[in-house]
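Colleague: I am new to this model and would like a close look at its sheet. Could you walk me through the strands and whatever touches them?

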Amino acid sequence: MNEEAMNEVVIKEEAALAFADSREKLLAVLEDDHLNMEALSDLEIFELFWATELFPIYSQKSPHTKRAYKQDLDYILRFFVTKTQGVKQLTILNLHEYLKDVHDQYAPRTVKRRNAMLRRFLRFLHVNDYHVRDLSLQVKDQMKPEPLRREIDFDEMEAIALAFRHTVKQKKNRELLQLRNETIGYLLLTTGMRASELLSLQFSHVHETSSMSYIEFKGKREKWRRIPLSPKSIHLINRLKTLMHIEGVINLHICFNVRDENTPISYEALRLITQAASAHLTSQTNSPHWFRRSFITKLLANGIPLYEVMNLSGHESITTTNTYLQQLKKANLNVLPYD
């Protein structure tokens, strides 16, 4: 293996690290009142930033947030390793090259998120006296138009949700897994939950009264939400609970992992199930979040007040909900369902 190939392997190994537990040098740094990072390697500085700034021990962030932070920081680390002389020798020209790379490769929302992560990292270096100058001030978002969003076909979304049950390939617990997937698809379609919220949903969060059935849970930012359930949703959940009992599967989660007691399936598993269900009916790639967009858009199309939609969807700001409404006004309202 030549030197260039060996360097590429090292780069990939370093950038793919899951920011493991702090090593001896990191522990020594953390024991001081002041974070003296001079003796640390670039990778150790990234690990320190991860452990003290992004995810200190008191932090309570969702798996989805952790995954997004990991992807952003991994991208920054790759850039530093391949295109700069290191964290200490970072220049303004390096930052401009980073901004151009991110701008050329990613959609506006991802660009904004990755730039925010770099700003946060550079501010961390400056505050702890590793950089004399605050280079975070050089990281500014470039204007980039939002891509045109494809219109939502509500009939297609419902058909995809029904196709979730047909994505099961294994023979063991086949009927149970088909019912689980069908329940997952229908809850995505009719509740507008985020993927992370659905994956953490437990049977104890489901409530039935004489007047209505609903789920009540803590969503993003630890905010309590209550979402009504359709008769079909509650029927599927109750059937699932009964069949799990019959087959001896013990798990608190509706999106249960059949191989690991009391844990849900991973986001990656949910994403693959969603894509497989989409492949039955369309050439488009649908993600779990596409169901959330469909749910919010349909509520607005059916005339539900903006404030109520904000509460149901768990948006922090009504401005976010209003963005959906503005996109809806630009669409051809004749093709939208008004049930």
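Modeller: Happy to! β1 and strand β2 (residues 213-218) are joined in the antiparallel sense by 3 bridges; strands here are DSSP runs of E with at least two residues, and two of them pair if DSSP finds at least two bridges between them. This is a predicted model, where local features need pLDDT of at least 70 and side-chain atom pairs count only at 80 or more, while totals for chains, interfaces and linings use all residues. Residues are numbered from 1 along each chain as its sequence is written, and side-chain values use heavy atoms, leaving out hydrogens and water.

Back to the strands: Glu-208 stands opposite Ser-213 in β2. The whole sheet is open and has 3 strands in the order β1-β2-β3, with antiparallel pairing. Its edges are β1 (206-208) and β3 (224-228), each having a single partner strand, so one side of each is left without a neighbour in the sheet. On average, neighbouring strands are turned by 25° against each other, direction ignored, judged from lines fitted to C-alpha atoms.

Arg-225 is touched by Ser-313, as are Arg-194, Arg-292 and Ile-296, not counting residues up to four places away from Ser-313 in sequence; touching means heavy atoms within 4.5 Å. Ser-313 belongs to helix α13 (residues 306-313), a helix being a DSSP run of H or I with at least four residues. With a relative accessible area of 1%, Ser-313 is buried (under 20%, using a 1.4 Å probe and protein chains only). A polar atom of the Ser-313 side chain also lies 3.3 Å from the backbone oxygen of Met-310.

Conventions:
Axes are lines fitted to C-alpha atoms, for helices over the stretch in contact, and angles run from 0 to 180 degrees between N-to-C directions. Buried means under 20% relative accessible area, exposed over 50%, partly exposed in between (1.4 Å probe, protein chains only). A polar contact is a pair of N or O atoms within 3.5 Å; within protein, one must be able to donate a hydrogen and the other to accept it, and residues adjacent in sequence count only if both atoms are side-chain atoms.
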